[in-house]
Amino acid sequence: MIVTENLTKYFKDFCAVDGVSLHVKAGKVLALLGPNGAGKTTTVRMLTTVLRPSSGTARVAGYDVLENSGEVRGSVGVLTEDHGLYDRMHMVEYLDFFGKIYDMPDGKREERILHLLEKFDLMDARDRRIGKFSKGMRQKLSLARALLHSPPVLLLDEPTSAMDPASARLVRNAIKTLRSEDRAIIVCTHNLAEAEELADSIAIIRTGQIIAFGTAAELKEQLLGPGEYRIQLAEPLDGRTLPLPSDVEITKKGSDWFTFRVEKAQHTNPLLIQNLVATDYAVVKLEEIPRSLESVYLQAVNQTTKEGGGHVD
Amino acid sequence: MWTDFKKAMIITRREVRDQFRDWRIIAPIIILTVFFPGLMNFTAQQAVDFVGKYGAPIIADRLIPFLLMVVGFFPISVSLVIALESFVGEKERRSIEPLLSSPLTDVQLYLGKLMAVMFPPLIGSFLGIAVYLIGVYRQVGWAPDITLLIQVIGLAVVQSLVMVSGAVVVSSQTTSVRAANLLASFIIIPMALLLVGESMIMFWAKYEVLWWAIFGQAIIAWLLIRTGIAHFNREELLGKELDSINLKWAWQVFRDAFRGEKASPWQWWRVNVWGILKELKWALVLVLLISVGAVFVGITQADVFPIPAGLLDWGNLEEGLVTGIEDFGPIRFFSVQGLGIIFLHNMRAIALDSLLGIFSFGVLGIITLILPFSIIGYFSAIMGQTGLSPGLFLIGFVLPHGIFEIPAIILTGALIIRLGLTLVTPNKDYTIGEAWIRTLADWTRLILFLVIPLLVVAAFLEVFITPRIALALFGG
C-alpha cells in the first residue's frame, strides 16, 4: 500500500529526508517516531505529493507520487500537523465541502458525515461554527475529514495531540478500528505509548534517516538488549545456591527475589522454573520487567553513529 | 475543462460564502455599491445644473459617462484586497494544506480561488452601475447607448480580471500577507495609470478607443492567469517560509547558468550560444513573421500619410544625398566616432526593448523593436510612389549593413519573447525566479557572443560601406 525506496528530500542544501525506505502493507500501522525536525512531516508531505522528492521513489495505493499525483491524493486521507479548518464554517458544511472535492455522491456524503460525527462524538456540535471548537474537537473534526472518503491509505500527523485523555482514547480506538478495515496507516507521533499501542511496527527517524525499525518488542531487543525478568520466591534464599541454566545472568538479588537477563527466554525460563522447583524453591511469580519505549527511543536517538538510511519492511 | 470548472466552483462557492460572512469585506462592497453611486448621482446633478447655467453642457455630457465608469470601478478595488490574501492568507491561517493534499488539480485550485475573489466585487460593480444609471436617469434623464454600457461593463470585468489575476499571482508567490500587501503597489500603480488613461478617453469621448483598452487588458489578464497557473507550486506555497531577496543566490544561479558546462572556448560557444538558437526556433520564426508584418504595415501607412510632393526635391537628389550622408545629424559617416554612436544607439535600443519586454511579457519590447521594419516599409513605399525603385532603396540604404543588423534584431526579439514567456511557461524543475534568472543568463550569453558581434559589424558597414553604396546608387 505504501512503498518508498530511498526517498530523499533536499531543501536547497539541507537534507530533510535522507534515503527513507518504507513498506507498509494493508491492515498495518507504522508509527514514525522522531524528534521535531526529524523529517516525519516532510516524509508525509512527499507521500501526499505536496512536496516533490529530490530522489527516490514512492508509491501510495499503487500510484506513483510523481506520475499519478492526482490519484495518490485521491487515495490518501491526511491529518495534517495543523488542523487546517475554516473557522467561519459549520462542521457539517466543512465536511460536505471536502466530500464534494473528493467526488462523493450526495446521499453517500451525507450518510458518511453523520456516521463520522457519531463515531467521534461530535453530533452535539454539528451546528456550531468551527471557530468555537476546542482544540480536541478540532482535531477530531480534522480526523473525520481525513476519513471522509474512506481512503485506503491514512497519513496521520500527531493524531491525538492537544486532546484530553478521553478524546485521545476515542481517537486511538478509532485508529485501531481503521486498521482492521485493511488500510495502510502511517502515524507520526511523539507519543511513545501511543506508538506502542497503535503500531504494528515503529520506525525511529532522526535527521531524515531511519535509525531503528521493528515491532516494539524487536526494538527493545535490538536497542536495550535481552529482556529482564524477576522471580519472587515464597521464602528467603538464606545463602542457598540457585540452580541456574548457563545462559541466565543474575542482575540483582534480594532476600526472597532476584532479577536476571536471558537471551532465549522462551527456552530458558521454563527450565529455570523446573530447576528451582526441583531444588525445593517455591516460586511465587515470574514476570518480565517492563521496559518502556521511551528508553528505546532515547537509546536510538542518542546513538551517535548512523549507518545511512534504513530499510523498513 | 468542464470538470475543472465544476471542481473550481466548489472552491469558489465556499470562499464566496465565507466572504459574505465577513462584514469587513461586505461592508465596503455595500457602501461602494449603494452609497457611492448615490453620491455620484448627486455630483452629476450638480454638474449638469452648474454647467447648464454657463452654456457648457458638453462638460456634463462627458462627466456623466465618466462617473459611470468610476462607479463601476470602485467596488472592484475591494477584489484586490481579497485576492492579495487568497493563497497566502490561507497559508498564514494554516488551512491550505488539506486543500493542497486533496485531489484538486493546480488549475482547479487556482481558478477556484480566482473566481472566488472576483465574483463578489464584480457583482457589487454591476449593482453600482445599475444604481447609478437608475439615479441619473431619474434626475437628468440620461441613459447610455447600449455600446457604451457594454464597454463600461466590459471595462469593469477586464479591470477586475487584471487586478485579481495579478494579485493572485502575488499571493501564490509570497510567504506572508504583509509581503503580498507590500507588492500590491506593482498592481495599484499601473492600474491607476490605466484609469487615468481611460478617464482621458472618456472625457475625449473617443469611446471606440475603449475597445482597445478592453482588448489590451483582456490579453494582460490572460497572460497573468497563465503565469499564475504555470508557476503555481504546491511545494513553494507550503514550504517557503521567508521572502528575502537573496542576491548571492541569484548571482550564483546566474553565474552557473551563464557558464554552462566546462569545455574548450569553441565547444562552449557551440553548445551555449549556437545551441540555444535551436531552443529559440519558434520564437525566431514568430519575430520574423511579426517583422514581415511590420514591413507591410509600414507600406500601408505610406498611402495614409504620404509625404507632400514638394517636400521631396528629387531634382536635387544627388546633392541632397551627398550633403545628407556626409552630415547626418550627430552621426558622422566615414568615421570611427560614427561607428561608436550607431553601435551605442543599437545597444541602448536592445537594453530598453528588453526592459520593456520584461514588464510586458515581451509584448512592448517586440513592438518597439520592430518599429524600424515599419519605417523601412514606409520609406520603400514612398520611394515607389515617387517613381524610384523600392528595391534599389533597400539595396542602397538597408541591405549592406542590414544583412548583419536584421538578424541581430530578430535574435534580440526572440530573446525578449523568451524572457517574457518564461514567466508564463510551466516549469516543474525551477521556481519562477530561478527559471527567469536562467533565461536571463541565456539572454546575456547570446547578446554578448552573438548579437553584439553582429551589431559591431553592422555598425562598421553602416558607417563606412552603406553610405558609399547609397552614394554610388543615388549620388551618381
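# Chatting through a predicted two-chain model

Visitor: Let's start with helix 12 of chain B. Is it largely in the open or largely buried, and why?
Guide: This is a predicted model, to begin with. In it, helix 12 of chain B lies largely in the open, because the number of buried residues among its 13 is one.

Visitor: How far does that helix reach from its first C-alpha to its last?
Guide: Helix 12 of chain B, residues 247-259, reaches 18 Å, close to the 18 Å expected at 1.5 Å a residue.

Visitor: And what comes just after helix 12 of chain B?
Guide: G260(B), which takes a positive phi of about 65°.

Visitor: OK, over to chain A. What's the secondary structure there?
Guide: Chain A comes to ten helices and 14 strands. Its C-alpha atoms fill a box of roughly 75 × 50 × 30 Å along the principal axes.

Visitor: How is chain A divided into domains?
Guide: Domain 1 takes 2-221 + 297-302, and domain 2 takes 228-288. Over C-alpha atoms, the centres of domain 1 and domain 2 of chain A are 45 Å apart.

Visitor: How much of chain A is buried?
Guide: Buried residues are 41% of the 313 in chain A. As for contacts in chain A with a separation of 6 or more, 69% of them join residues 24 or more positions apart.

Visitor: Which strands make up the open sheet of six?
Guide: The order is 6-7-8-3-9-10 in chain A, and the pairing is mixed. Strand 6 (76-79) and strand 10 (209-214) of chain A stand at the edges; each has a single partner strand, so one side of each lacks a neighbour in the sheet. From one strand to the next, the twist averages 15°.

Visitor: In which sense do strand 9 and strand 10 of chain A pair?
Guide: Antiparallel, over five bridges, with strand 9 of chain A covering residues 201-206. One pair to look at is A203(A), whose bridge partner in strand 10 of chain A is F213(A).

Visitor: What packs on that sheet?
Guide: Helix 8 of chain A (residues 216-224) does, touching strand 9 and strand 10 of chain A. The direction of helix 8 makes about 110° with that of strand 10 of chain A. Helix 10 of chain A lies across strand 3 (29-33), strand 9 and strand 10 of chain A, at about 35° to strand 9 of chain A.

Visitor: Which element of chain A has the lowest mean pLDDT?
Guide: Helix 10 of chain A, residues 293-302, at 74. Strand 5 of chain A (residues 63-64) has the highest, 94. For residues 304-313 of chain A the pLDDT is below 50, and that stretch has 23 contacts in the model beyond near neighbours in sequence.

Visitor: Where does R230(A) come in?
Guide: The bridge partner of R230(A) in strand 13 of chain A is T259(A). In strand 14 of chain A, R230(A) stands opposite E287(A).

Visitor: Last one: how many residues of chain B are in contact with chain A?
Guide: 18 residues of chain B, in contact with 21 of chain A. On the chain B side, helix 1 (2-20), helix 5 (96-100) and helix 11 (234-239) of chain B each give two or more residues. Helix 11 of chain B supplies the largest share, four residues.

Notes:
Residues are numbered from 1 along each chain as its sequence is written. Chains are lettered from A and ligands numbered from 1 in the order in which they are written. This is a predicted model: local features need pLDDT of at least 70, side-chain atom pairs count only at pLDDT 80 or more; totals for chains, interfaces and linings use all residues. Domain bounds come from an automatic or database domain assignment. pLDDT is the predictor's confidence in each residue, from 0 to 100. Two residues are in contact if their C-beta atoms, placed from the backbone, lie within 7 Å. The expected span of a helix is 1.5 Å times one less than its number of residues. A residue is buried if 20 or more other C-beta atoms lie within 10 Å of its own, exposed if 12 or fewer, and partly exposed in between; C-beta atoms are placed from the backbone. Two strands pair if DSSP finds at least two bridges between them. Axes are lines fitted to C-alpha atoms, for helices over the stretch in contact, and angles run from 0 to 180 degrees between N-to-C directions.
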